[in-house]
Amino acid sequence: MAAYSSEQERNEYHRIFFKVFNKRLKYVLNINIILSILMTVVLDVPFYINHLLSSGLLLSIVLKVPVYFLALTLIRQVRIKFSTVNYSSQKTLASQIYHSLVSNEFLQVSSFHVLSAFFVYGVFIFNLPFTFDYYLISKEYRKNPLLNDEWVYYWACPVIIGGMYSANQLVFQRNKLTFEYGHNRSSPENTLFTHIPQALGNALGLTIILTIASPIIYWTTKSYLYKSLIWLRLFGIDNSLPSSNTSLPTFLKLTLITYVLLLNWELENHIFNVYATIGCLDGKKTISSYSKDPLNCLLKGLRDVTPSHELSRLTAFQELAYIATTNDKEGLKLRLAIFSARSKKENLWPALYEECSLVIREVSVRINKRSARDMKALRNWQKSLEKEIDTGFKRKKDGNIFGNSFSQPSMVEGSKVVDKDKPVNDGKWVTYIRNEVAAPILKLVSLYLPQHMSSSFKSHIEQFRTIEGRKIDAAASDIKRHILESKFGVLFRVTLKRDCESRVRNPVNFGNAIIAISNIIQRSVMEDSLNIVTIADISDTINLLERSIRASTNYRDYLPASMYVGANKPKSHMIANLNILEYHEFYNICIQFNGLLDELNLSSKAYELAKWVIDIAIADKEQHQSNRVVY
């Protein structure tokens, strides 16, 4: 019992968040009732066109609405269970497809969609002439009747549609909940109806694709399907392969139900997204304010790294950023509590700061990480610059305020550092030929040669190996480039978007962490009377942001060589946008603590960047004053 109580206390923020979350999702159930009624009318009106007010239509509404409601609620449940706030870690479309489809998650998501489709198709079949005609009545005598292929194809469609829609959701990350850093609450009233035109278009596009793909998939797998139905012989049904007898009217009716089903799934997903991404405010109250100890509750939410609690952790960072920036009564009350005597006694601020700085450091390391081949290409580019004539525009090593772009510095203690002078490995094929082919031959031959001939032979072999290795590496790179530029190469391109997402899988937590610690430190000047925020905290924050700025700036200016950029390099991407946020907060801190700059314990690069920022601010101020004098 004590262990259960301890577990509840540790997950307090998630428990409170989940109560608020479920309360929000009850609105989804209410909308599901409306969608179920509309679905019943749309699917039944073509079959009751002459007597819309007949008892048949009214009875169908009473009987079918609960089934359609259950079908839509299954989509709500699969989103609750399998929604994510993180981007995929896969860098190519091929690896994304493989890891999405060859996974236990795909099987589970598909089972929900297939079951939902079965409910809808199971009701709609009563509008078709072959409702119970699962076998064919032959004109010739047969001991066991054949299966009705039209009936079998009808029931195969829910499986095909459910599986392909699930693949679409996972491969293109459509189950990801979208948030923005620095944004604390979204209003459902403003976003609920904005997606309807897009849902109509998505459903139409998917319907066209599935209407074409379903017969092809069915005819391809038809023989295997009928072989697997051998158990029907126990019930007097022949599972031999019958001829196709699906009529054009059946295809048209299947197109109708496919579109209606996909449209309702699209609307259901949109409605879920609207209510699941409201944010950290429940009305005007924060999530943590429902706890007896809000700040400690919030700290538990920040520390909760359980994979299934990622949404509540994102909300906790969102709430901390809100507390750091707001002037609302509830938020201001919590921010002042951070600067209170109790907070100082419980070391609450250092704990909050540590959680934010940990997220920033981890993301900075991932942004700065480069493969051996990428580092080799970067250093070759550096050597080419050294051979150029210095025109005055080339960046000097000692004057680089963003650090050494050609090395991989360690952002956190214990991380691996790439030494600038350490030789970088060649490509896989070159390394294989060098170690597995050339080295054994050289070792064998050198045993039978005199000493002076052996050293000369080794020298020639080394020279030959280096030259040929470069040729092989260049040929392999050329082949790779041609493949990536082809249409087939789309599957294997490491695009800028995917590379950024694989490095910064949760930019919202990263951005909110920067906003939170930066603004709390800035507001401590006016609100912190107990010196909760120390000089050391200011120094650590400037050093932390400088390292983060250096990592994102290096990535922005020198993209990894393994990335496929194409003819035009994109001007904007996720890491570049985060770089703007980092500069903004760094600038504000430097301006706020300009008078303390010489007293802070800053690294040389952080101090240089801070001085540069302050000099720019002074120059802008003087320029602004001179313009006012002129006009």
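Q: What counts as a helix or a strand here?

A: Helices are DSSP runs of H or I with at least four residues, strands are runs of E with at least two, and both are numbered from the N terminus. In this predicted model, S343 lies in helix α13, residues 341–346. The chain has 22 helices and 2 strands.

Q: What should I know about the model before reading on?

A: Residues are numbered from 1 along each chain as its sequence is written, and side-chain values use heavy atoms, leaving out hydrogens and water. The model is predicted, so to speak of local features needs pLDDT of at least 70, side-chain atom pairs count only at pLDDT 80 or more, and totals for chains, interfaces and linings use all residues.

Q: Is S343 buried or exposed?

A: Buried means under 20% relative accessible area, exposed means over 50%, and partly exposed is in between (1.4 Å probe, protein chains only). S343 has 3% relative accessibility, so it counts as buried. Across the chain, buried residues make up 45% of the 631 residues.

Q: Which residues does S343 contact, leaving aside its neighbours within four places in sequence?

A: Contact means heavy atoms within 4.5 Å. On that basis S343 touches A337, I338, L348 and W349. As for L295, S343 is 48 residues from it in sequence and 8.9 Å from it in space, C-alpha to C-alpha.

Q: How do α11 and α12 pack?

A: Two packed helices are described by the angle between their axes and the distance between the axes. Axes are lines fitted to C-alpha atoms, for helices over the stretch in contact, and angles run from 0 to 180 degrees between N-to-C directions. Helix α11 (residues 310–325) and helix α12 (residues 329–338) pack at about 90 degrees, with axes 8 Å apart. Angles of 65 to 115 degrees count as roughly perpendicular, under 35 as roughly parallel, over 145 as roughly antiparallel and the rest as oblique. So α11 and α12 are roughly perpendicular to each other.

Q: Which residues meet there?

A: E319, Y322, I323, A324 and T325 in α11 meet G331, L334, R335 and I338 in α12.
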